[in-house]
Amino acid sequence: MLTYAINRAVQFALSLLVASVAVFALMSLLPGNAAQVALGTNATPEAVAALEAQYGLDRPPLIRYFDWMGGMLTGDFGTSYVTGAEITPVIVGSVQVTAILVVAAIAVSIVIAVPLGTFAALEQRNWIGVTISGLSQVGIAIPNFLAAIILVIVFSLTLGWFPSQGWMAPIEGLGGFLLRLVLPVVSLALVQAAILTRYVRSAVLDVMREDYIRTARAKGLTRTKALFVHGLRNAAIPVITVAGVQLATLLVGAVIIEQIFVLPGIGSELVRAVANRDLVAVQGIVMALVLLVLIINLIVDILVPIVDPRIRNAA
Amino acid sequence: MKPTGAQSPRDHADPVDLNPAAATASANGGSARSRKSGRRVNASMVIGAGLVVLIVALALVSFVWTPYDANAIDPAARLQNGSLAHPFGTDTFGRDTLTWVMVGARITLLVGVVAVGIALLIGTPIGIISALFAKQPWGIWIDSVIMRANDILLAFPALLLAIIFAAVYSPGTGPAMVAVGIAAIPGFARVARSGTLQVLGTEYVRAARASNRRIPAIAVVHVLPNIAGMVIVQASVAFAISVLAEAGLSFLGLGTQAPTPSWGRMLQESQQYLSTHPELALWPGVFIALAVLGFNLLGDGLRDRFDPKMEARGA
């Protein structure tokens with residue numbers, strides 16, 4: 001288990017290294033460097049050269065890469081050429097908003113999907129099971145931004161229960177914070193719950209065919225009881241993996257929801273940086289997002305063998 | 001592969017999939033029992049194919065005929081609700097929404113075709129080659145390097161990659177298509193790799209090896225035809241993802257640019273009229289959802305058809 005964990009950690013570090021080289025190459029080596037992009041196409045060559053010299057862009061790429069990477073390792077994501085502001089505080093502040101949003105959404109979707117999916121598997125020949133499967137299929141097809149628009153029309157503009165946009169930090173007022181969080185979280189969670197329901201259903205169906213469930217049934221346990229006593233732990237493994245993938249996807253996927261509800265999350269910052277042609281900020285935010293995705297993958301990879309002794313022993 | 005006549009306990013195909021007789025008889029799950037031999041055409045596939053044909057037809061018809069000129073501005077007819085003259089209503093410039101939905105289908109399909117094309121043509125060979133190396137004692141490390149690179153690419157979701165491309169190049173349909181395509185490569189590579197590994201383990205490949213067939217020949221003669229089904233299923237699923245990604249990007253203003261009609265941008269432009277004209281958000285939203293649902297269902301249906309023993313899973 002320890003060698004496995006070390007192995008995964010080394011893999012994580014290597015992935016991060018390769019990803020950082022890729023991001024740097026994409027953003028820095030292409031024609032039209034950060035200074036040119038920041039100043040626009042009408043800038044004089046002298047102005048571009050001046051900005052390049054000011055931020056050290058005239059140095060060789062390898063030096064610039066190590067400078068950037070070294071800064072990130074010490075928690076410094078650089079300074080924007082456009083706004084002149086430090087990028088690290090922007091990332092730290094906005095990641096918190098996105099993290100609250102995304103973690104809450106995944107939690108809500110797990111709470112919806114696990115019972116529904118289990119039920120759909122146990123009742124798979126029944127009209128209830130068929131209905132749940134059908135609804136989850138439709139739910140997957142609804143983009144979260146469409147769900148958000150529908151929710152805003154119904155619960156905000158028509159019924160007036162929730163504000164249609166805005167953000168309030170929890171310290172400014174817990175009630176206002178929660179009230180503003182409901183619609184964005186639900187719009188993200190509904191679609192994720194639909195996807196997760198299908199995985200839970202399929203995982204439970206797989207488990208129900210296992211020999212140990214048949215043995216438990218032969219010993220006189222009901223189907224439901226056999227599942228709860230012996231099955232759910234096993235069904236949890238693919239579900240953990242999928243929930244991890246969903247969490248990682250949502251970090252970026254939440255960007256549209258952040259825009260609709262005007263939330264100051266990391267996706268909003270990224271879109272703003274792109275609109276401002278602020279390549280240094282884009283580069284830093286992208287790297288921060290990739291880092292988070294890789295951390296989530298690492299956690300999932302280490303969590304799975306902890307839940308499943310068979311994988312633990314094999315590894 | 002012939003489906004067995006009697007239904008074994010292991011053969012618990014998705015209850016949404018019904019056989020043709022059952023599909024006409026009734027739409028509830030009880031009919032799943034009457035499965036007979038013969039090639040199964042299931043409800044998923046029929047509905048999915050129907051929706052895909054609908055979207056394709058909309059796009060094709062739009063080249064020859066649309067109710068109005070897509071960019072014809074008619075201030076007298078602005079922001080109308082559905083009527084005989086404008087079945088889906090009009091937008092803030094008096095442009096006909098039905099016309100925009102029809103022309104918008106073109107971009108949706110174009111992005112899907114190009115993105116899936118890129119991913120399929122690059123990802124599939126990578127997966128096959130990786131699997132071929134995995135079977136050679138001296139080549140295992142090449143296989144692991146390819147698969148690790150694949151994992152790293154997975155840390156860049158389609159939306160993130162597309163935002164990076166929009167930042168480096170200018171936002172537009174072209175960079176969006178390429179970014180979504182690149183992000184879909186790992187999916188194809190994984191499917192092709194696992195399919196190839198299965199095929200390489202079969203008797204007929206061993207026989208071919210024994211009769212001194214060269215490996216490239218085996219890849220073309222035996223592997224390709226046998227993994228084609230799985231690759232087509234993956235293509236259908238990837239198409240659904242690219243429809244979502246294009247809509248999302250255009251919604252953010254980082255995809256298709258004005259004045260080209262696109263469903264995502266229609267949805268974005270409808271935002272400020274949500275309280276007075278929610279219909280403006282409804283139609284593009286409905287068609288995005290129908291397109292995604294269509295390709296997802298088609299993928300599910302094809303999966304069952306190519307491999308009747310395999311259960312339709314979430315993704």
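User: Over which residues near the end of the numbering I see, 308-315 of chain B, how many contacts beyond four places in sequence does the model have? Then take me through the packing of helix α10 and helix α13 of chain A.

Analyst: This is a predicted model. For residues 308-315 of chain B, the model has 21 contacts beyond four places in sequence. The pLDDT stays under 50 there. Residues 1-38 of chain B also stay under 50 in pLDDT. For that stretch the model has 65 contacts beyond four places in sequence. Chain B as a whole averages a pLDDT of 79. In chain B, 84% of the residues score at least 70. The model scores ipTM 0.81 and pTM 0.82.

Chain B also carries an annotation. An unreviewed UniProt entry lists residues 105-299 as "domain: ABC transmembrane type-1". That span is 82% helix and 0% strand. Its end C-alpha atoms lie 20 Å apart.

Now the helix pair in chain A. Helix α10 covers residues 223-253, and helix α13 covers residues 279-307. Their axes come within 9 Å and cross at roughly 175 degrees. Angles over 145 degrees count as roughly antiparallel, so α10(A) is roughly antiparallel to α13(A). From α10(A), the residues making the contact include R233(A), I237(A), I240(A), G244(A) and L251(A). From α13(A), they include L289(A), I296(A), N297(A), V300(A) and V307(A). By class, the contact has 15 nonpolar, 3 polar and 1 charged residues.

Notes: Residues numbered from 1 in each chain as written. Chains lettered and ligands numbered in written order. Predicted model: local features only at pLDDT ≥ 70, side-chain atom pairs only at ≥ 80, totals over all residues. pLDDT = per-residue confidence, 0-100. Contact = placed C-beta atoms within 7 Å. UniProt positions renumbered as here; feature names shortened; annotations may be inferred. Helix = DSSP H or I, 4+ residues; strand = E, 2+ residues; numbered from the N terminus. Axes fitted to C-alpha atoms, helices over the stretch in contact; angles between N-to-C directions. Parallel < 35°, antiparallel > 145°, perpendicular 65-115°, else oblique. Nonpolar A, V, L, I, M, F, W, Y, C, P; charged D, E, K, R; others polar.
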